[in-house]
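Hi,

Here is the structure I promised to pass on.

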Amino acid sequence: MGQGSGIGVLDKAVVVLRAAAATPCALGELCERTGLPRATAHRLAVGLEAHRLLARDADGRWRPGPALGELAHGHGDPLLAAAEEVLPELRDLTGESIQLYRRDGSDPTVRVCVAAAEPSSGLRDTVPVGVRVSMAAGSGAKVLAAWSRDHASTFTEPVLDEVRRRGWAQSVAEREAGVASVSAPVRDAGGAVVAAVSVSGPVDRIGRRPGARWADALLSAARRLESRLAEVG
């Protein structure tokens, strides 16, 4: 759990945050993971939820909240400001879950969901804002790896060459069983890839070739994000 600060309530709150970040959890699971008494775990989780550091999913389980991404990347981040407009439009067009990923600057093996837009109903691929996801699998990881400056990747060069040729990547049941996704790069004014925007959903609905269905809409959304970045750049 890391070294404590000596400030009891702060250390316990961080333990709760880490437990919910591992996988969404209900109160009983939270107590098991943290070792905290039920009343203490509940009080801390509700307090963190009030500050939007935790949020609850459709099943009432706690997960990382949107404030974590905002604190990490700043309210003034032009990409996140653009995402507030573009991601819901893409969600409404596709009817699927939309995510925006960035590489974790401190850990090249991880990408972070920095923005998301979820359908209001139906079966979804929910990826909470602030969640850290492996760079070893998934279409978003392929996109970020294909244009990475450090070239450190578990994907083979032929796979990354294909992503660069197409301009987008797709995956089926790589990051999670039963989930398919397609992702496209988002570039800054200098042409560097700074993020990956993704459409994801159940394989049974999105199909085993999600790129054939949604790549055009996804690339259009990526261009809109880039246009907004250029406007403020």
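Below is what turned up inside it, starting with the cavity and moving on to the nonpolar cores.

One thing to keep in mind: this is a predicted model.

If you want to find it, look for Gln99, Tyr101, Arg111, Gly138, Ser139, Gly140, Arg175, Ser181, Ser183 and Ser198, which line it. Three elements each bring at least two residues to that lining: strand S3 (97-104), helix H6 (139-146) and strand S7 (179-187). Sorted by class, the lining comes out as 7 polar, 2 charged and 1 nonpolar residues.

Now the cores. The largest nonpolar core has 32 residues, and those touching the most other members are Leu87, Leu90, Leu100, Val186, Val197, Val199 and Leu225. Helix H5 (78-94), S3, strand S4 (107-117), S7, strand S8 (193-202), helix H8 (203-206) and helix H9 (210-232) each put at least two residues into this core. H9 is the top contributor, with 8 residues.

Setting aside neighbours within four places in sequence, Val186 is in contact with Leu79, Leu100, Ala192, Val193, Val194, Ala195, Val197, Ala222, Leu225, Glu226 and Leu229.

There is also a second, separate core: it has 17 residues, among them Ala41, Leu48, Leu53 and Leu54.

Cheers

Note on methods
Residues numbered from 1 in each chain as written. Predicted model: local features only at pLDDT ≥ 70, side-chain atom pairs only at ≥ 80, totals over all residues. Heavy atoms only, no water. 1 Å grid on protein atoms, 1.4 Å probe; cavity = no way out; pocket = protein on both sides within 12 Å on 5 of 7 lines; lining within 4 Å. Helix = DSSP H or I, 4+ residues; strand = E, 2+ residues; numbered from the N terminus. Nonpolar A, V, L, I, M, F, W, Y, C, P; charged D, E, K, R; others polar. Core = buried A, V, L, I, M, F, W, Y, C linked by side-chain atoms within 4.5 Å. Buried < 20%, exposed > 50% of the residue type's maximum accessible area, 1.4 Å probe, protein only. Contact = heavy atoms within 4.5 Å.
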